[in-house]
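Reader: I would like to go through this model by questions and answers, with the cut-offs behind each term stated once. Please show the sequence and the coordinates to begin with.

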Amino acid sequence: MLEAVDELGYGADPHARSLRTGRSGINGLILRPRDAVHGSLAASQTFNRLVSAIATTVLERNLGLIHVPDMLDPAGQRVPMDGCIVAHPYGDDKVLGELMRRNVPVVTVDEDPDRPDFAWSVTLGHRAAVTGLLDRLRAEGARRVMLLTGTEDNAWNCRSTEAYRAWARKHRMRPQQHALYEGEGVDGAVRFIAPILAGNRPPDAIVAAASRFASGAAQAAEMAGMNVPDDLMVASLTDSEFTRANNPPITAVDLVLEELALRAVDLLLGRLKGQPALAVPLVLQPELRWRQSTTRNR
């Protein structure tokens, strides 16, 4: 019998097997940001790195991974998956809500800003990273610090803004916070920042949520005849070739994406095995990469 099976190349139907076992061996990944992944692959290095790390970690666990573009689309709802990772959800995220409604085991990478108590989450300590960065800029002499975030309603933008505004209040500094559609990229950031630098009281430091925006800030400073970092310090809340290859290299926050992916996959597998939820979401601390763009000559 077994020889005949081998000769015929017979294999068990995976759909029938999943109906019997209740498991497909495949987990879903939903990448929620849309503005931030707009444009070329080079413009999306942060998310490419995250997706690659999750895929590699899942593969090491001998499981499959499928990218689900839109869970709210009827086609997406038919995707067979044991559980799902939702990366960087929006506030009161409808996709996360739909998965929870369908009782799909789900883990988030970074928190839903409107569901801070959702325990099945591996999130980032955005507030601590932003505050540490701002303290360093102040120690280097910055007194007028501008924050440029993206426009999406996710923890990355929301928590960074909250930390910046709290820091500004503490130091009695008038906040100068702006939001720009991330699809504008480097050129859009240059166009947005150039008139600000030409104003009567330009900032002496710019913190940009996206590395593309930080690169644009450095280019705008050069166009205005300003020296980075002596006239304008520049920092980014994400790290990529845009920050590392800039001249001078730009200080950036490393989001420890490989560790984030590992913890998220293991948390999901634990949930699938019936392990209890964490008492509070797991928080990982980003790492600050100090570079020449925030080190002034003394």
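Reader: In which sense do strand β8 (residues 205-208) and strand β9 (residues 233-236) pair, and over how many bridges?

Author: This is a predicted model, in which local features need pLDDT of at least 70 and side-chain atom pairs count only at pLDDT 80 or more, while totals for chains, interfaces and linings use all residues. Residues are numbered from 1 along each chain as its sequence is written, and side-chain values use heavy atoms, with hydrogens and water left out. Strands (E, at least two residues) and helices (H or I, at least four) are DSSP runs numbered from the N terminus, and two strands pair if DSSP finds at least two bridges between them. Ile206 stands opposite Val234 in β9, and β8 and β9 pair in the parallel sense, over four bridges.

Reader: Which strands are the edges of the open sheet that holds this pair?

Author: The open sheet is formed by six strands in the order β7-β6-β8-β9-β10-β12, with mixed pairing. An edge strand pairs on one side only, and that holds for β7 (176-179) and β12 (287-289).

Reader: What is the average twist from one strand to the next in the order β7-β6-β8-β9-β10-β12?

Author: Axes are lines fitted to C-alpha atoms, for helices over the stretch in contact, and angles run from 0 to 180 degrees between N-to-C directions. From one strand of this sheet to the next, the twist averages 15°.

Reader: At what angle to β6 does helix α7 (residues 155-170) run?

Author: Helix α7 lies across two strands, β6 (145-149) and β7; contact here means heavy atoms within 4.5 Å. Relative to β6, the helix runs at about 165°.

Reader: Which residues of strand β5 (residues 121-124) are buried on each side?

Author: In a regular strand, side chains alternate between the two faces of the sheet. Buried means under 20% relative accessible area, exposed over 50% and partly exposed in between (1.4 Å probe, protein chains only). Both faces of β5 are covered: the buried residues are Ser121 and Thr123 on one side, and on the other Val122 and Leu124.

Reader: Which residue of β11 is the bridge partner of Val122?

Author: Strand β4 (residues 106-109) runs parallel to β5, joined by two bridges, and Thr108 has Ser121 as its bridge partner. β5 also pairs with strand β11 (residues 282-284) in the parallel sense, over three bridges. In β11, the partner of Val122 is Leu282.

Reader: Is Thr243 buried or exposed?

Author: Thr243 lies in helix α10 (residues 241-244). Not counting residues up to four places away in sequence, its contacts include Ser211, Pro249, Ile250 and Arg291. Because its relative accessibility is 0%, Thr243 counts as buried.

Reader: How long is the polar contact that joins the side chains of Thr243 and Asp239?

Author: A polar contact is a pair of N or O atoms within 3.5 Å; within protein, one atom must be able to donate a hydrogen and the other to accept it, and residues adjacent in sequence count only if both atoms are side-chain atoms. For the side chains of Thr243 and Asp239, the value is 2.5 Å.

Reader: How many residues apart in sequence are the parts tied together by Asp239 and Arg291?

Author: The side chains of Asp239 and Arg291 meet in a salt bridge (2.9 Å, N to O), defined as a side-chain nitrogen of Lys or Arg within 4 Å of a carboxyl oxygen of Asp or Glu. Asp239 lies in the loop between β9 and α10 and Arg291 in the segment after β12, so the pair ties together separate parts of the sequence. Both Asp239 and Arg291 are buried. Their separation in residues is 52.

Reader: Which residue forms a salt bridge with Arg244?

Author: Arg244 is partly exposed, because its relative accessible area is 37%. The closest N and O atoms are 3.0 Å apart, and the partner is Glu241.

Reader: How many salt bridges does the structure hold?

Author: One of them joins Glu60 and Arg61, the closest N and O atoms being 3.8 Å apart. At 56% relative accessibility, Glu60 counts as exposed, whereas Arg61, at 28%, counts as partly exposed. The number for the structure is 19.

Reader: How are the ring planes of Phe47 and Trp156 arranged?

Author: A search of the whole structure finds one aromatic pair; rings of Phe, Tyr and Trp (its six-membered ring) pair if their centres lie within 6.5 Å, with planes under 30 degrees apart counted as stacked, over 60 as edge-to-face and the rest as tilted. The pair links helix α3 (residues 45-60), which holds Phe47, to helix α7, which holds Trp156, 109 residues apart. Phe47 is buried at 5% relative accessible area, and Trp156 is buried at 7%. The ring centres lie 6.4 Å apart and the planes stand at 70°, so the arrangement is edge-to-face.
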